[in-house]
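Thanks for coming. I will walk through one model this morning, starting with a helix and moving on to contacts and the surface.

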Amino acid sequence: MNDTKNFDWFLITLVIGISGFGSLIIYSTQIYKQGTDWQSQLIMVVIGSIILFALSNYPYELLLKYHWITYTITNLLLVAVIFAGTTINGAQSWINILGFQFQPSEFAKVALIISLSALLHYRDASKLAHFLPVITTVALPWILIMIQPDLGTGLVFGAITLTMLYWANANLGWILLILSPLFSAFLFNLVFPLWLLFIIAMILIAWFTLPYHFRHIWSLVTLFLNYSAGQLGHIFWDLLKPYQKDRLTLFLEPEKDPLGGGYHLIQSRIAIGSGKIYGNGFLDATQTHLNFVPEQHTDFIYSAIADQFGFIGSITILIVYWLICWRLVMIAMNSRDNFGSLLAIGVLAMIAFQTVINIGMTMGLAPITGIPLPLLSYGRSSLLTNFIAFGLVEAVAKARIMTVTKMKRSKN
């Protein structure tokens, strides 16, 4: 029999509460053009809440047996998108099944977390040989997503993978070496002297952290990979579409194209600044209601919050996200098994990375990558994915609470 006392009500309240608030903010951004997206979002909050409670009663350990099924289905959907997907905002990321249009790449985040949790549950990342299955598992869906292309989700995949590897006892030096080609692609072409210092540091890390008998070979491999990444930087840059290039560069100086690629960021910063300390009031903020900020109900919803509720409202949202992440860490640390702990930390990586990047891009601190603000931005696939993820985490938390309760009863 289900016992509601075993739920982590603090986490549930935060998740459902901020999602409901998101529907309210979406309503405020569309009131003058009679948009109805807030209704769809609110319906998804209700459906998502039901799914969350249903999954919280699911024995999550069964996913250890069936994780390859979810992984396979996800990749098949990603392949289907390539051949029968719908293009929106320059990315062919959507597919229509039975009249419902959704984004498989969103659900792929949870499928990836489940598969990596299962792999690292059986063999942690303390040995270099355990890295290959993890990288291979990530590579297939990541490639399919980048073909769309969906750069934002690709970055989220990287954040999830590296965080879970670190949690699974991977050497921090190895994680830095995995990241090094990405940094080399930029530094080699932008600041070559700095790249030289960087590559020396990476070679030293390879020398002292990789297997002793082959460290000279690993050092040469590190040099080769980073040099190749720098040379390929030009090629990869040319493969990006114009709007993606603008997103990656104009955040540094949006005034270069104030009516084009820099328009979103300029208007977003104006909206955030206009809110001042206490905000202009709900439904009274002109920057939001006169639709100065494009896509304000999706990628730039944080600017609508700052415009209407000011610094106080903005900080309150950050505190709520901090509390959600804190609960995820606590659940991961206190899980009754490694699989549950890895599930929680994977969800933490997904939520924290998206939150930091999204809020950063609305203020000009990060490139505009199309990453939604979890639980707040409009998007049925994104919202449902988050509720599924929190449902699995809630199952981990509930299982641990029930175990502790049984132990206490047995002692008495």
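W68 is partly exposed, with 40% relative accessible area. On the terms: buried is under 20% relative accessible area, exposed is over 50%, and partly exposed is in between, with a 1.4 Å probe and protein chains only. Before going on, this is a predicted model, where local features need pLDDT of at least 70 and side-chain atom pairs count only at pLDDT 80 or more, while totals for chains, interfaces and linings use all residues. Residues are numbered from 1 along each chain as its sequence is written, and side-chain values use heavy atoms, with hydrogens and water left out.

W68 forms an aromatic pair with Y71, edge-to-face, at 5.3 Å centre to centre and 85 degrees between the planes. A pair here means rings of Phe, Tyr or Trp (its six-membered ring) with centres within 6.5 Å; planes under 30 degrees apart are stacked, over 60 edge-to-face, and the rest tilted. W68 and Y71 are 3 residues apart in helix α3, so about one helical turn separates them.

Now the helix itself. α3 runs over residues 63-84, 22 residues in total, and spans 29 Å from its first C-alpha to its last, close to the 32 Å expected at 1.5 Å a residue. That expected span is 1.5 Å times one less than the number of residues. Helices are DSSP runs (H or I, at least four residues), numbered from the N terminus.

Which residues of α3 are buried? They are L63, L64, H67, Y71, T74, N75, L78 and V81. These residues are on the same side of α3, because they cover an arc of only 115 degrees around the axis. The arc is taken from the directions from the helix axis to the C-beta atoms. On the face turned away from that buried side, α3 carries the exposed residues K65, L76, F83 and A84.

**Links along the chain**

How many aromatic pairs does a search of the whole structure find? It finds 13. One of them is F10 with W326, edge-to-face, 6.3 Å centre to centre and with 80 degrees between the planes. F10 lies in helix α1 (residues 9-30) and W326 in helix α13 (residues 301-334), so this pair ties together parts that are 316 residues apart in sequence. F10 is partly exposed at 38% relative accessibility, and W326 is partly exposed at 35%. There is also an aromatic cluster made of F7, W9 and F53.

On to charges. Side chains of opposite charge can pair when their charged atoms come close. The search of the whole structure gives 3 salt bridges, a salt bridge being a side-chain nitrogen of Lys or Arg within 4 Å of a carboxyl oxygen of Asp or Glu.

D8 and R327 meet in one of them, at 2.6 Å, N to O. D8 is in the segment before α1 and R327 is in helix α13, so the bridge ties together parts that are 319 residues apart in sequence. D8 is buried, with 7% relative accessible area, and R327 is buried with 18%.

R336 and E61 form a salt bridge at 2.2 Å, N to O. This pair also links distant parts of the chain: R336 is in the loop between α13 and α14 (338-362), E61 is in the loop between α2 (37-56) and α3, and they are 275 residues apart. R336 is partly exposed at 43% relative accessibility, and E61 is partly exposed at 25%.

The salt bridge between E106 and K109 has its closest N and O atoms 3.0 Å apart. Both residues lie in helix α4 (residues 104-122), 3 residues apart, about one turn of the helix. E106 is buried at 5% relative accessible area, and K109 is buried at 1%.

**The nonpolar patch**

Last item, the surface. L182, F186, L190, V191, L194, L197, I200, L204, W207 and F208 form a nonpolar patch with about 1000 Å² of accessible area together. Patches are made of residues with over 30% relative accessible area and no salt bridge; like charges are joined within 9 Å, and nonpolar side chains (Val, Leu, Ile, Met, Phe, Trp, Tyr) within 5 Å. Accessible areas come from the Shrake-Rupley method with a 1.4 Å probe, and for residues only the protein chains shown count as cover.

Helices α7 (172-190) and α8 (192-209) each supply at least two residues of the patch. The largest share, 6 residues, comes from α8. L204 is in helix α8 and is partly exposed, at 46% relative accessibility.
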